[in-house]
Every structure is written in C-alpha cells, then in structure tokens.
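Here are some exercises to work through with the model on your screen. Try each one yourself before you read on to its solution.

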Amino acid sequence: MKKTISDVKYEEKIKRLINTAYHVCKSECPFTDYSKLIVLQEKNGLDMGNFYRSDNACRRFVKTVYDDLVSTPLGMLRTDVNFFTILIDGATDVSVTENELIYIRLLQDGIPANKYFSIEDVESADSAGVLNSINEAFDRHGLPDWKEKLIGFGSDGASVNLGNRSGVAKQIKDEVLHLIITHCVAYRLELAANNAIKHHKIMLEIQDILQHMYKHYHYSPKALRELRKLAEALEEKILKPTNLSGTCWLPFIESALHVLVVDFRVILAYFEHVESRTGSAEVQGQAHFISKKLKENKFLYLTFFVLDILKVLNILSKTMQRDDLTLSQLFDALTTAHPSLAELRSTNGNQLSNFLSEHGENYATIKQEMLDLICKALDDRFGPTEKVPLLLAAAKLTDFNDWLKDIQNLATFGQEQLNLLLQHFQDILNRSGCDLKLSKMNGLISKHTSTDTNQQTSAHFLLMTILKLDSRICCSCWRSYSEASKYLVDVLNLINEVQREDCLDKIIESVQKQQLSSTLIDRSVCEQAVQECNTDQDESDNVFGVIDAFAVPRFTYVTDRKKFIESDTVGIPPPCLHGTAEDKNRLFTNKYTMLLQRTQRHDLFTPPVIGAQMDQNSKKFQLKPIEYLLGSTAKLGEIIVLGMLTQLKEGKWYLEDPTGVVQIDLSEASFQNGLFTENCFVLAEGWYEDKIFHINAFGFPPPEPAKTTRSYFGNINFFGGFGNQCAKASSKLRQIEQDNEDAMFVFLSDVWLDQVKVMEKLRILFAGYADFPPTCFYIMWKFSIITPG
C-alpha cells in the first residue's frame with residue numbers, strides 16, 4: 001500500500017520522538033527532561049506533533065528500543081546460531097544495586113559480533129547468585145537449553161567469575177565440558193601495564209605527577225583560568241590536563257602524558273609561578289615537587305620514552321578492544337608488540353627522538369629496566385594463553401598469512417590442528433548435524449553439499465580453500481560462506497575434472513593478490529577472482545605499457561606496520577613542482593628508513609636464532625643509531641652506523657640520521673669501490689671517542705635481490721601500469737617471454753626529426769630491419785635540434 005504524504009510526516013515525527021527518548025536514556029537524564037527537549041526542538045523549527053510528549057511516553061519509547069535491541073540476538077540464538085559465547089561483567093546502577101551485564105558473542109554475516117542480551121539484578125554477589133541471574137535471563141527469553149550451544153565464556157579476572165574451585169566459569173564447565181574460558185584480554189593488558197608501572201619508581205612518579213596535575217586543575221577553576229591566561233601571554237595553545245581513570249586505562253594515561261609533552265612549557269611556567277607566590281603550604285609543596293621534576297633532564301628523557309612505550313601498548317589495546325577480534329589477530333598483535341618494544345631498546349621512538357634533538361643524554365640502563373618490566377608483565381599475563389594447544393590450533397587455522405605460505409600443500413595444511421578441534425568439540429558438532437564419520441575434512445561439508453559426486457568433489461576442493469581463509473573454526477565456517485561456496489561450486493562444475501584443480505589454484509592465487517580488508521572471504525571476493533582468471537587469457541594484449549612518470553604510485557615504508565603503504569593512505573600530501581623544506585626532510589628520512597629496513601634484513605645484521613648453532617666463521621653485526629654514540633661518555637669500539645654523509649662545516653664531514661649528527665674522521669678509512677658524494681647514505685665502521693667517530697671502513701648499504709624483497713612484501717606493483725601485481729610475478733608474461741627468446745627492442749634517443757639527414761638515416765634503419773623486424777622501436781626525446789622557448 002502506497003504511503004500518503006501525511007503518513008510520511010507522521011513517521012518522521014515518531015522518529016524524532018524516539019531519537020529524543022533514546023538521547024535521554026543514553027545521557028542518563030531523568031525522563032522528565034524528555035518534554036523539555038521536545039520544546040527545545042520545536043523552537044529550532046521542528047514539528048514534534050501533539051502526542052507522546054509526556055515522561056510516560058518517553059518510558060514506553062525506551063522500552064520499545066530495548067526490546068528491539070534484544071530481539072535481534074534473541075532471534076539469531078533461536079534459529080540461525082549453532083554456537084555462541086557469553087560475556088559477563090558486573091555493574092552498579094544509580095540506585096547502587098548489583099547488576100550483571102550479559103552479552104553474547106556470535107557470527108553475524110561471517111564476522112564475530114558482540115550483542116547485548118540482558119541486564120539482571122543479582123540477589124547475592126557470589127558465584128551462585130551470578131550464575132542464577134544468567135539462568136534466569138535465558139529462561140525468561142525462552143532458552144532454557146542455552147548451554148547446548150555454548151562454546152565459550154568470557155569475563156574479567158574476579159574470583160567470583162574465574163575462581164578455580166567454585167567460580168561461575170568452573171560451574172558452567174562442569175556441565176559443558178568443551179567450554180573455552182577466557183579472561184578479558186584488554187583487561188589483562190591493563191593489569192600488565194599497571195603492574196609494570198607499580199614496580200618501577202620513575203614510571204610511578206610520572207603517573208603520580210599526572211594525577212596531581214589533573215586534580216590541581218580539575219578541582220580549581222581559578223588554577224585553570226590562570227593556566228589559560230599564562231598560555232595566552234606565552235602565545236601558546238593549551239590543552240586541559242586529563243584524568244587517568246576510565247573504562248580502559250591505557251588510552252587515558254597516554255592522553256594525559258601527551259598533554260604534558262605538548263603543554264610542557266606553559267605547565268612548567270605555571271607551577272614555577274605558584275611555587276614563588278605566597279599561599280597554601282600544601283599547594284606550594286606540590287608545585288615545588290612538580291616543577292622540580294619537570295626541570296630534571298633524566299625525568300624528561302624517561303617521560304618521552306614512556307610515551308613511546310605507551311603508543312605501542314595503546315595500539316595493542318585498541319586491537320584487543322575490537323568486537324571482531326579473532327585468535328589469530330590477537331596472537332599477531334602480541335607478536336608484533338614484542339618486536340616493537342624490543343626495537344625501543346636500540347632505536348628511539350618519535351617522541352624520544354624529538355627530545356634528543358635538543359638533549360644528548362642517554363639512560364640506556366633505565367630504559368632497559370622499563371622495557372624488561374613491561375615485557376615480563378606481558379609474558380606473565382599472556383604467556384599461558386599463547387601455549388594452550390587448542391587456542392594455538394584455532395589460531396593457526398584462522399591465520400590468513402600462515403596458510404598463504406603453504407599454498408602448495410592445501411590438502412594437508414592444518415590437518416593436525418583441525419583434528420584437535422574436531423575432537424574437542426565432537427559432542428556439540430554432532431548435535432549441530434555435522435557428520436564426523438566421514439574424513440575430518442569432508443565431514444564439515446557432508447550436510448551442506450549435494451549428493452552428486454561431482455559437486456561433492458568440487459566442494460571438497462573448495463572447503464580446503466575456505467578453511468584456510470575463514471576466521472572461524474569448525475563447521476561455523478561453512479555457514480559463514482554459504483553464498484561464496486555455492487558460487488564456486490557452480491563455477492567449478494562447469495570445468496572438467498582434469499582442469500578443476502588447476503582452476504582452483506588460479507582462483508586461490510587471484511585471491512592472494514587482492515587487497516583484502518580481513519581474512520573473511522565473501523562472494524564478491526570470489527567473483528572478482530574468477531573474473532581475473534577469465535581475463536588472464538587476454539593478458540597478452542597488455543604485454544607493453546607506457547607508464548606516466550607522474551602516475552607512478554608512491555609508497556612509504558611504515559615502521560610500525562613493517563610494510564610499504566601508499567603515501568596517500570598515511571597522510572603524505574601529493575608531490576608538487578615547488579617543494580617545501582619539509583619535503584626535503586621527508587625525502588631523506590624516507591630514504592634512510594627504506595635503507596635501514598633493507599639492511600637490517602641482510603644476513604650480516606639479522607640476529608641469530610635463539611638455540612641455533614652458530615658458525616664459527618660467520619659473524620653478526622648490529623647497527624647503532626647515532627644517538628647511541630652521542631649518549632656515551634666512554635670510548636666505543638667496533639661500531640657500525642648507517643647514516644647520510646653531510647658537510648655541515650667547510651672541510652668537516654658528518655654522519656646524520658633521524659636521531660642525531662656526529663662528526664667523523666676519515667683519515668684512516670678504507671673505502672669500498674664506488675662514488676661517495678655529499679648526501680649519499682653509507683655504512684661506516686669504526687670507533688667513537690671525544691665526540692668524534694673515527695672511521696675504519698666506509699661502504700654502501702648492501703643491495704637486496706628483488707626475489708628477497710618480494711618474499712617480504714609480496715607482489716606489490718611499485719611501478720604502476722596495468723594490473724595490481726608486479727609484472728615479474730605474472731606467469732602469463734613469463735611464458736610469453738620464454739616463447740619469444742628472439743624478441744628484440746630497439747631504443748633510439750635524440751632523434752631530431754627536423755633534420756633531413758636524420759630522416760634519411762631512419763629510412764635506412766627501418767629498411768635494414770624490414771626482413772627481421774624487432775618487437776618494438778622506442779624513440780625518445782628530444783625530437784628537435786632547436787630547443788623551443
């Protein structure tokens with residue numbers, strides 16, 4: 001039935017009223033504010049109607065929104081979901097009543113999602129009371145047999161939840177033997193960081209000063225006004241010091257530390273002013289303590305260093321807070337965090353590098369202590385989890401990068417891990433309809449494929465692919481990819497059995513080349529892969545390509561992610577004809593970063609594997625940043641530095657990197673063959689004493705074969721043109737090259753087409769090649785002997 005104009009207007013009024021009621025509830029305002037907000041919106045020109053304007057109407061709207069919020073996961077639990085996890089957390093409402101929040105974690109459109117389920121009053125705050133509230137919630141929603149689909153339980157580390165003897169998780173696991181119990185990873189990270197800070201005096205001092213600053217300005221509007229006036233006098237912008245407490249503590253302490261670093265000049269001037277004036281002895285004492293610390297070079301150095309540590313931990317924290325986090329992503333994030341922290345031992349982060357550009361001291365021992373505490377705390381909190389065989393098996397099967405390297409062994413990849421998971425979840429898989437009597441791999445598809453033999457064969461090949469691409473475990477993966485799998489089965493059925501496996505390999509290879517945003521493979525990805533395989537036949541039409549120099553893609557190596565990313569993505573502006581000083585700085589910095597990551601991968605500079613037998617003839621070296629030299633007062637021997645050769649003063653040469661500049665002595669240096677120019681990057685070996693780096697050997701960073709580079713970064717097309725992969729990786733182009741060994745290209749430069757003699761010679765040249773013409777002539781600039789202009 002077609003809606004009239006009056007119907008549409010009425011719906012718009014109802015939407016505004018519901019949104020207003022939602023805002024009242026979301027902001028924790030009393031329902032009596034509802035009618036006031038309606039009047040305000042009418043003053044702004046909105047038509048709110050004449051009905052549903054009371055606080056009772058607001059209460060009914062909120063109830064409707066709540067019911068709708070719960071209905072989605074409830075419907076999924078009743079019909080679509082075979083497996084789910086419950087997440088619980090204690091809460092206290094405004095009436096100081098103990099409540100238990102219950103969420104469910106399930107797959108929605110193939111992606112993990114956390115859904116609100118219920119909030120329950122808890123009669124007693126012990127494990128029996130919490131478990132009873134959970135049972136009542138499911139019973140009230142008509143799901144008394146909820147434990148039959150339960151596979152996981154997550155909560156904070158309170159003993160009432162995770163106690164080994166009588167915790168809620170233990171009581172549920174007594175009934176659900178395959179239950180996976182998880183202590184909230186984001187909360188564990190907070191505990192690890194907090195524990196490390198408590199055991200280090202300086203980190204604890206930094207935290208105390210941040211807390212003192214927040215309280216000083218938060219509880220005294222006068223102090224905040226004075227701070228802002230002082231900032232105006234100094235022509236500085238000021239940020240208000242922030243609190244350290246919050247749902248997730250790490251982002252708050254990083255934010256507070258960032259404010260201190262940015263507003264350091266103004267904050268120090270303010271506390272020096274408070275210290276010098278007459279007033280409360282307590283306030284003056286705090287001001288004296290803070291200003292004294294802020295003027296200590298050691299304290300400042302380590303403050304900047306802690307900020308670099310927190311940036312690494314905050315990235316890890318944000319990853320752990322993602323709703324769609326999987327085990328493989330969690331383990332990858334932890335694996336990435338450890339090298340990032342280890343890198344801070346020898347290479348300073350951005351914040352500390354900025355500080356060291358003005359100060360030369362180095363507190364390597366204290367840095368080492370801080371990093372050791374952080375790493376130990378992470379190992380203590382997450383080490384046991386990373387050793388659980390069942391979780392490792394699930395992570396391996398859902399790790400996109402892991403299976404990608406074993407592409408030639410798809411049939412056997414992950415078989416041991418899959419068997420372990422199938423054995424652990426055997427009971428719940430049988431209840432969900434999976435036929436485990438077939439082979440472990442085929443059992444996952446036995447219920448969902450046709451009885452036709454050809455279709456089952458296709459599906460068998462298909463599932464070997466899907467199991468490597470999916471981010472879930474067991475038969476839930478088939479539900480995630482029902483459309484994609486059916487589409488590929490239909491495509492593969494059109495191909496004879498002899499070519500079917502080769503075609504599937506090509507589809508897998510095409511999927512690998514795509515820029516995937518996640519490990520989940522949907523139908524659109526499969527369709528694109530099939531389309532690319534079909535167009536491969538016409539790839540010979542694109543054997544040659546002319547690439548505009550201004551259209552070549554620009555990539556920047558991002559140290560945190562250890563990969564090349566398009567410059568536009570990381571916020572680097574496009575090039576312009578007349579660059580700025582910042583562009584020049586970026587040019588040399590990017591060049592240094594690219595050479596550094598390449599050099600560190602060389603066999604001479606890669607650290608030995610722990611436990612491996614070392615060859616007596618092989619020797620490993622370690623690159624040192626220039627700040628390592630500048631921060632030492634003792635003589636340093638056998639130092640290798642990567643830096644840019646510069647001449648800052650007439651007749652004096654220096655080495656420069658992002659961490660500092662050091663003067664060098666080349667009087668006894670032996671040079672590698674090559675041309676050394678100003679602003680070129682070199683590897684220098686020697687010894688350091690009295691602020692002079694005495695060079696013994698001078699050379700260039702080692703080159704790296706293209707094959708090695710591609711093994712680390714994949715087949716990225718750095719040069720542009722047609723295709724998303726580099727031409728070197730194209731099997732079609734390789735075959736064309738092999739089939740045309742006699743192909744020849746002729747390059748001509750400075751062909752002056754305005755000269756008669758040149759045109760005559762061209763005719764002779766073309767006539768000479770007439771009997772055996774080359775594949776292509778390339779005629780390059782310039783084409784006129786007379787330069788225009």
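**Exercise 1.** Find where Tyr52 sits, and say whether it is buried or exposed, or something in between.

*Solution.* Start with the position: Tyr52 belongs to the loop between helix H2 (33-43) and helix H3 (55-80). Helices here are DSSP runs of H or I with at least four residues, strands are runs of E with at least two, and both are numbered from the N terminus. Keep in mind that this is a predicted model, where local features need pLDDT of at least 70, side-chain atom pairs count only at pLDDT 80 or more, and totals for chains, interfaces and linings use all residues. Residues are numbered from 1 along each chain as its sequence is written, and side-chain values use heavy atoms, with hydrogens and water left out.

Next, look at the backbone: Tyr52 is not a glycine, yet its phi is positive, about 55 degrees. Last, the surface: with 37% relative accessibility, Tyr52 is partly exposed. The cut-offs are under 20% relative accessible area for buried, over 50% for exposed, and partly exposed in between, using a 1.4 Å probe and protein chains only.

**Exercise 2.** Find out what kind of peptide bond joins Trp781 to Lys782.

*Solution.* Check omega: it is near 5 degrees, and the bond from Trp781 to Lys782 is cis. Then place the residue: Lys782 is in the segment after strand S15 (776-779).

**Exercise 3.** Which backbone oxygen lies 3.1 Å from a polar atom of the Arg188 side chain?

*Solution.* First, locate Arg188 in helix H7 (residues 185-198). Its relative accessibility is 6%, so Arg188 is buried. Now go through its contacts beyond four places in sequence: Thr182, His183, Arg381, Phe382 and Thr385. The oxygen you want is the backbone oxygen of Arg381.

**Exercise 4.** Work out how H7 and helix H13 (residues 297-320) pack.

*Solution.* Their axes are 8 Å apart, at an angle of about 160 degrees. Axes are lines fitted to C-alpha atoms, for helices over the stretch in contact, and angles run from 0 to 180 degrees between N-to-C directions. That makes H7 roughly antiparallel to H13. (Under 35 degrees counts as roughly parallel, over 145 as roughly antiparallel, 65 to 115 as roughly perpendicular, and the rest as oblique.) Val185, Ala186, Leu189, Glu190 and Ala193 of H7 make the contact with Leu313, Leu316, Ser317 and Met320 of H13.

**Exercise 5.** At roughly what angle do helix H11 (residues 264-276) and helix H12 (residues 281-294) cross?

*Solution.* The axes of H11 and H12 come within 8 Å and cross at roughly 140 degrees. That makes H11 oblique to H12. On the H11 side the contact residues include Phe264, Ile267 and Phe271, and on the H12 side they include Val283, Ala287 and Leu294.

**Exercise 6.** Finish with the whole chain: how many helices and strands does it have?

*Solution.* The chain has 30 helices and 15 strands. Of its 789 residues, 39% are buried. Among contacts between residues at least 6 apart in sequence, 63% join residues at least 24 apart.

Conventions. Polar contact = N/O pair within 3.5 Å; in protein donor to acceptor, adjacent residues only side chain to side chain. Contact = heavy atoms within 4.5 Å.
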